[in-house]
Amino acid sequence: MLVLGNITLDDFILREGKKYKNILGGPPSYSSFALNSLFGIRIGLCSSLGKDFPKEYKERLENIAEPYITEGNNTTRFKIIDIEPRKMFLLTFSGEIENIDLSIDDVYMFSPVYREIKIKHLNEASRMGLVTLDPQGFFRRIGKDNEVYLDTFEQFDYIVRRVNILRMSLDEFRVLNVTNIRDHVKSFVRKGVELAVVTSSMKVYYATKECYGELPTYRKVQVVSPTGAGDVFTSVLTYIYSKTADPVKALAYGIVAAGLSVEKLGPSELNRDRFWRNLKEYKELAEI
């Protein structure tokens, strides 16, 4: 499996005003820690990184994954105020990911944090294997004081037709100005998506050619920060779906893994024994 998107360094302000700086972040980081700790696999990471990226973090990632790095001037950095309403600010951007060799795998997760992914790489991957897209970075724009906000992306319909799995947060989904979640999620499937998913903190909406469904999230956890939960969910979902082609099984695995990930700040190993116990309980509660 190859995860494409920028690794980041994040500054956080959490509840009660607690502040943290230079926390490892980005979809490749959260994905690699989750998949390595739960299933013992080493994924490939495609990212642009700056010369300021800490050696300690580089070594941690190299121990659990195979990095393919484009060198930029400064690592992508965000300031995240993890209090409702959640706010993000882009501090630096390391640039686009270059020289991607997609032939090293045939399962791809595209998850840009800003504008580092080129459409041509999505096109190429769609001809080579299973493609998952989390389009968050395509919707992000930079406003006053470098605050990140969401807006429409003109090529969204074009790229949707080139992916097997589409996963969007509810906030990103709302940018499409739709009123009926069920109908619009099903419309993605009519455009060729095998599994279309919209996630929120309380519920996961999904559609395939065979069905539409809604699943609860797993909430028997102590939330420290929800940042990265979507990346964990999407990577575990993609991995399990690539092995089983079972959407409901893949969704359940992703939901439970995402639940565990919110209990710590930044990417970390997930407890495998606890994951299997929670998964069994979740399947009983969700009746799947």
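1. In the classes used here, Ala, Val, Leu, Ile, Met, Phe, Trp, Tyr, Cys and Pro count as nonpolar, Asp, Glu, Lys and Arg as charged, and the others, Gly among them, as polar. On that basis, the lining of the largest cavity has four nonpolar, three polar and no charged residues. The model under discussion is a predicted one, and the remarks below should be read accordingly.

2. The search of the whole structure returns one cavity of 30 Å³ or more. The volume of the largest cavity is about 50 Å³. Its lining is formed by Y30, V232, S261, G266, P267, S268 and L270.

3. Helix α8 (residues 229-244) and helix α9 (residues 247-261) have axes that come within 7 Å and cross at roughly 150 degrees. Because angles over 145 degrees count as roughly antiparallel, α8 is described as roughly antiparallel to α9. The crossing in which α8 passes α9 is right-handed.

4. Helix α1 (residues 27-39) packs with helix α10 (residues 272-286) at an angle of about 85 degrees, the axes lying 8 Å apart. Since 65 to 115 degrees counts as roughly perpendicular, α1 is roughly perpendicular to α10. The residues making the contact are N36, S37, L38 and F39 of α1, together with R272, F275 and W276 of α10. They divide into four nonpolar, two polar and one charged.

5. Helix α1 also packs with α2, at an angle of about 45 degrees and with the axes 9 Å apart. This angle makes α1 oblique to α2, and the crossing of the two helices is left-handed. From α1 the contact draws on S29, S32, F33 and N36, and from α2 on R60, L61 and I64. Three nonpolar, three polar and one charged residue make up this contact.

6. At least two lining residues come from each of β4 (43-50), α2 (55-64) and β5 (65-72). The lining includes six nonpolar, one polar and four charged residues.

7. Two points of backbone geometry deserve a check against the model. Most residues other than glycine have a negative phi, and most peptide bonds are trans. The peptide bond from E84 to P85 is cis, with omega near -5 degrees; P85 is placed in the loop between β6 (76-81) and β7 (87-92). N22, a residue other than glycine, has a positive phi, near 55 degrees, and lies in strand β3 (residues 19-25).

Terms used. Residues are numbered from 1 along each chain as its sequence is written. This is a predicted model: local features need pLDDT of at least 70, side-chain atom pairs count only at pLDDT 80 or more; totals for chains, interfaces and linings use all residues. Side-chain values use heavy atoms; hydrogens and water are left out. Axes are lines fitted to C-alpha atoms, for helices over the stretch in contact, and angles run from 0 to 180 degrees between N-to-C directions. Helices (H or I, at least four residues) and strands (E, at least two) are DSSP runs, numbered from the N terminus. Angles under 35 degrees count as roughly parallel, over 145 as roughly antiparallel, 65 to 115 as roughly perpendicular and the rest as oblique. A crossing is left-handed if the near helix is turned anticlockwise from the far one by less than a right angle, and right-handed if clockwise. On a 1 Å grid over the protein atoms alone, a cavity is a set of points where a 1.4 Å probe fits but cannot get out, and a pocket is an open set with protein on both sides within 12 Å along at least five of seven lines; lining residues have an atom within 4 Å of a point. Grid points are joined across faces, edges and corners, and a volume is the space filled by probe spheres set on the points. Contact means heavy atoms within 4.5 Å.
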